[in-house]
Amino acid sequence: MIDLYYWPTPNGWKISIMLEECGLPYRLQPVNIGKGEQFTHQFLAISPNNRMPAIVDHAPSHGGEPISVFESGAILIYLAEKTGLFLPTDLRGRTRVLEWLMWQMGGLGPMAGQNGHFLLYAPEKVPYAIERYGKEVNRLYGVLDAQLARTGAFVAGADYSIADMAIFPWVRTHKAQQVPLEDFPHVQRWVDALFERPAARRGLDLGKELRAGTLTEDARKALFGQTARSVRSGEHRRD
């Protein structure tokens, strides 16, 4: 059994999709990031970066004590290696998948996150930031579109992989990112194909009732007001 520490966000959806695709049994452990639950002592023992998702595998492949894993990319690799699914074992195939997984972790995710922040959550409009991150997200969509034109199927080649699962949830937010998918026809084709996968839809639907409609001031502080000092002092913790 795997405990999934989760909130319905793009990074959380990566892991819920992977667990559904693999058919692994799991228990949902909601982490309400708007209430600062990511700062509890219990969660920090699993995810020292104060971020979800994280997992605890109570039945590791090689036996022994439960294993906790934080950071969504690391979790995807861990689950792929545990199950032997969605990550090729040959050198070239594995390298391609990991390249595109890291592209999402280091590029699309952080840039789309900043773009979304300045478009939707910043207390005041900052034109330079909106332009800067908007242009970079547009560039990244162009990179993805060109790659999907080359492969004709999935991001890293002919087979569906953890690279697709990592990228898809962030592209799902394209409307909030103000990215018109009609400008990227190969991305549109790929998104449509992934929405046809029942496991992907189940992963996206997990915990959708948990999402709040309005960002309160307390939630804004928990999400955007953290510093090293506040983490050390336990300012946001709810033990």
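Two residues are in contact when heavy atoms of theirs lie within 4.5 Å. Counted that way, and looking at contacts in the protein chain between residues at least 6 apart in sequence, 66% join residues at least 24 apart. Keep in mind that this is a predicted model. The chain has 239 residues, and buried ones make up 50% of them. Here's a quick tour, from the overall layout to the sheet, one proline and a pair of helices.

**Overall layout**

- The protein chain has 10 helices and 4 strands.
- Reading from the N terminus, the elements go β-α-β-α-β-β-α-α-α-α-α-α-α-α.

**The sheet**

- The 4 strands make an open sheet with mixed pairing, and their order across it is β2-β1-β3-β4.
- At the edges sit β2 (26-30) and β4 (67-70), each of which pairs on one side only.
- On average, neighbouring strands in this sheet are turned by 20° against each other, if you ignore direction.
- Helix α3 (residues 72-83) packs on the sheet, where it touches β1, β3 (54-57) and β4. The direction of α3 makes about 135° with that of β4.

**Strand β1 up close**

- Strand β1 (residues 2-6) pairs with β2 in the parallel sense, over 5 bridges.
- If you want to trace that pairing residue by residue, start with leucine 4, whose bridge partner in β2 is leucine 28. Then look at tyrosine 5, which stands opposite glutamine 29 in β2.
- β1 is mostly covered, with 5 of its 5 residues buried.
- The cover is on both faces of β1: Ile2, Leu4 and Tyr6 are buried on one side, and Asp3 and Tyr5 are buried on the other.

**Proline 53**

- You'll find proline 53 in the loop between α2 (41-44) and β3.
- Proline 53 has a relative accessible area of 2%. Buried means under 20%, so proline 53 counts as buried.
- Leaving out residues up to four places away in sequence, proline 53 touches Tyr5, Asn11, Gly12, Ile15, Phe70, Glu71, Ser72 and Ile75.

**Helices α6 and α7**

- The axes of α6 (residues 162-171) and α7 (residues 185-195) come within 11 Å and cross at roughly 105°. Angles of 65 to 115 degrees count as roughly perpendicular, so that is how α6 sits to α7.
- On the α6 side, the contact is made by Asp164, Ile167, Phe168 and Val171.

**The buried side of α7**

- The buried residues of α7 are Val187, Trp190, Val191 and Leu194.
- Look down the axis of α7 and its buried residues fall within an arc of 100°, so they line one face of the helix.
- What do the buried residues of α7 pack against? Their neighbours are α5 (127-151), α6 and α8 (198-205).

Notes: Residues numbered from 1 in each chain as written. Predicted model: local features only at pLDDT ≥ 70, side-chain atom pairs only at ≥ 80, totals over all residues. Heavy atoms only, no water. Axes fitted to C-alpha atoms, helices over the stretch in contact; angles between N-to-C directions. Helix = DSSP H or I, 4+ residues; strand = E, 2+ residues; numbered from the N terminus. Parallel < 35°, antiparallel > 145°, perpendicular 65-115°, else oblique. Pairing = 2+ DSSP bridges. Buried < 20%, exposed > 50% of the residue type's maximum accessible area, 1.4 Å probe, protein only. Arc of directions from axis to C-beta.
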